Amino acid sequence: MIVAELEIYHSRPIAPTRRIALGHRHLPVDNAPGAGGLLLAGVMAKNASDIDPELREDLVDVMERLSNGQRVVQPRVRHRFQTDTIGLTRSTQRLVSVNGRLDFDFGEERGRPVQLALGALYAAGQLGAEERRPVFEALAIGLLWNGPVDDHFISSIMGGRAANLVDLRSWNDPVAWALEILGLEGSADEQPTKRAVQKRFRLLLREAHPDHGGETDEAATRISELTEARRILHT
């Protein structure tokens, strides 16, 4: 299951000109940084350590300008950002969920590290003003990351949560998520009683269990979601 996705177009290593463009983007950033911000941070962490130190300094300048909504004079970091993708090579970056576990799928490494890092920055720069700040904070962690881009990295970006789909969905707005999972009306200011939560939890738990008609392949994820939603509303 694809949770977030970004297509980065770039010139080939042997090309005389160095160019960057963006293609398809599926970057959910509701209650930013969200899954989209996690993916962009992962792309940065995967590539930053392989970028020349001098260029990494230039990346910081681009990051600061984009995070503040400022115009970036082209070309920057020896590459020109454009909208036209003709003649460029595509690299697809994904955040996926396999059996509920989050993982990165960076595809074939066709682009140079600096190109992919720039693609992540420019994608973040096109987000709305409210979403940009937390996404760029995640990108800053990725820029300084020194190690595998694995469960530990995901947990670091997600504030210590586990690298799974349930925790991702409840990451930024846990109360609203929990109310939705349990099908309860209310808001962060008007939460249902613990008794109502427990009653609803037990009902949905029975429905989700394979012994009562629930789909076996989806039962574990559904039960995990219900349990986490109850924990959030009981806290």
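User: In which sense do strand β1 and strand β2 pair, and over how many bridges?

Analyst: The model is a predicted one, in which local features need pLDDT of at least 70 and side-chain atom pairs count only at pLDDT 80 or more, while totals for chains, interfaces and linings use all residues. Residues are numbered from 1 along each chain as its sequence is written, and side-chain values use heavy atoms, with hydrogens and water left out. Strand β1 (residues 2-10) and strand β2 (residues 19-26) are antiparallel, with 5 bridges. Strands are DSSP runs of E with at least two residues, numbered from the N terminus. Two strands pair if DSSP finds at least two bridges between them, and β1 and β2 have 5, so they count as paired. Within this pairing, Tyr9 has Ala21 of β2 as its bridge partner.

User: What joins β2 to strand β3?

Analyst: Strand β3 (residues 80-81) runs parallel to β2, and 2 bridges join them. Arg19 has Arg80 of β3 as its bridge partner.

User: Why is Asp61 called partly exposed?

Analyst: Its relative accessible area is 24%. Buried means under 20% and exposed over 50%, with partly exposed in between (1.4 Å probe, protein chains only); Asp61, at 24%, is therefore partly exposed.

User: Where does Asp61 lie?

Analyst: Asp61 belongs to helix α2 (residues 53-67), a helix being a DSSP run of H or I with at least four residues. The C-alpha atoms of Asp61 and Arg76 are 9.5 Å apart.
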